Amino acid sequence: MKIVILISLFILYLSSLAYGAIGEIEKIDGTVLYREQAGIPYKKAKAGLTINTGYWIKTEPKSWTIIKLIDGSKFTLSDNTELEISEYLLDKGKKNGVFYVAQGKIRATVVKLTGQTTNYKVKTPTAVAGIKGTEFLMFAKGQANVFFGNENTVYITGHDTPEKILIPDSMIQNTRGLTPAEPVKVEHGSLLEDAKKGLSILTAAVPPKEWEISGALPNIIARWDINYGHYLADSGKYEEALYIFQIALDLSDKPEIRADARLERGTVYSRFLRNPEAALAEYLLILEEYPEIPQKETALYLAGMTLYELGLKKQAKQRLYQYKKTYPEGKYITNVETILRLLENEK
């Protein structure tokens, strides 16, 4: 009798441990960590670990995992990703969930059951994706977010901004909590298609064989953004172009890409918006942040010319003489010498 009672108590104990579990870590490759709540140290996770609301899951470099929820929905996390299961409620007629992505690369596959209302939200520090039942890919880095549609629709917003609708084979991005940019089609043969393919590989049902695409991903998207922003500026969509260039800046840490984005922003400000002060700020940032890149020559020349345009002759002379000394046979040397002669004659 005592044995039966002990067995019954043990079963009840196991049931109490499992009570409230909303899913499990289904698969792991590499090093995956977890913690039961924010503010406590991470521990190493193993496949089969049950998870609950409040749990954080974190993947280390070159690591990958799949989280499976009790409704059949899955989140595939690639390397350097951190996700919190903020809220989760599942009952007969509805399911609600809030999943916070601090950073990283994720594939969300949300199951929609007949007769059940689905209201899932995937949040980052600066964006929200509202999901009814769909699959999409996302990449969050710092303040920037990039979303690719795979199935059905996703509703993307910033901080209390109008929503934009993400459909299959399209991309939406935003940064700094601002209204997402207009969705664009992922064209065949484009850098954007390369980015989506790379993100698809990183978050596929099996771990990637190679990880090089992970580090290249933000720069691929940023380079596409610069090309797209240039197109927008040529089309007269100046504010939208500035926004796309800012997303490129927030995505990429590569000096050459960041300098190109700032040069493009400077061009929009000076040529189209007649705002030489804002243009000058972009050129000076290049000179201060990245003094040893090829774009320095153009930035230095444009800084000097913009100072001259603003009537700041002393500062203009300093920058133009700096150009002449640094690039005595530079591509702008003729214009620089002409302006310097004008400045000398104005004494």
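Below are exercises with worked solutions on a predicted model of a protein chain.

**Exercise 1.** Compare the radius of gyration of the protein chain with that of a compact globule of 347 residues.

Solution. The rule for a compact globule of 347 residues gives a value near 20 Å. The protein chain has 26 Å. Next, take the extent of the C-alpha trace, which spans about 110 × 40 × 35 Å along its principal axes. As for burial, 48% of the 347 residues count as buried.

**Exercise 2.** Which elements does the salt bridge between E26 and K74 tie together?

Solution. Begin with the distance: the closest N and O atoms of E26 and K74 are 3.3 Å apart, and a salt bridge requires such a pair within 4 Å. E26 lies in strand 1 (residues 23-29) and K74 in strand 7 (residues 74-77), so the bridge ties together parts 48 residues apart in sequence.

**Exercise 3.** Are K95 and D71 buried or exposed?

Solution. The side chains of K95 and D71 form a salt bridge, with 2.4 Å from N to O. K95 belongs to strand 9 (residues 94-109), while D71 sits in the loop between strand 6 (64-69) and strand 7, 24 residues apart. Both residues are buried.

**Exercise 4.** Locate the partners of the salt bridge between E344 and K317.

Solution. The closest N and O atoms are 3.4 Å apart. E344 is in helix 9 (residues 333-345) and K317 in helix 8 (residues 313-326), so the pair joins parts 27 residues apart in sequence.

Key:
Residues are numbered from 1 along each chain as its sequence is written. This is a predicted model: local features need pLDDT of at least 70, side-chain atom pairs count only at pLDDT 80 or more; totals for chains, interfaces and linings use all residues. Side-chain values use heavy atoms; hydrogens and water are left out. The radius of gyration is taken over C-alpha atoms; the globule rule is 2.2 Å times the number of residues to the power 0.38. Buried means under 20% relative accessible area, exposed over 50%, partly exposed in between (1.4 Å probe, protein chains only). Helices (H or I, at least four residues) and strands (E, at least two) are DSSP runs, numbered from the N terminus.
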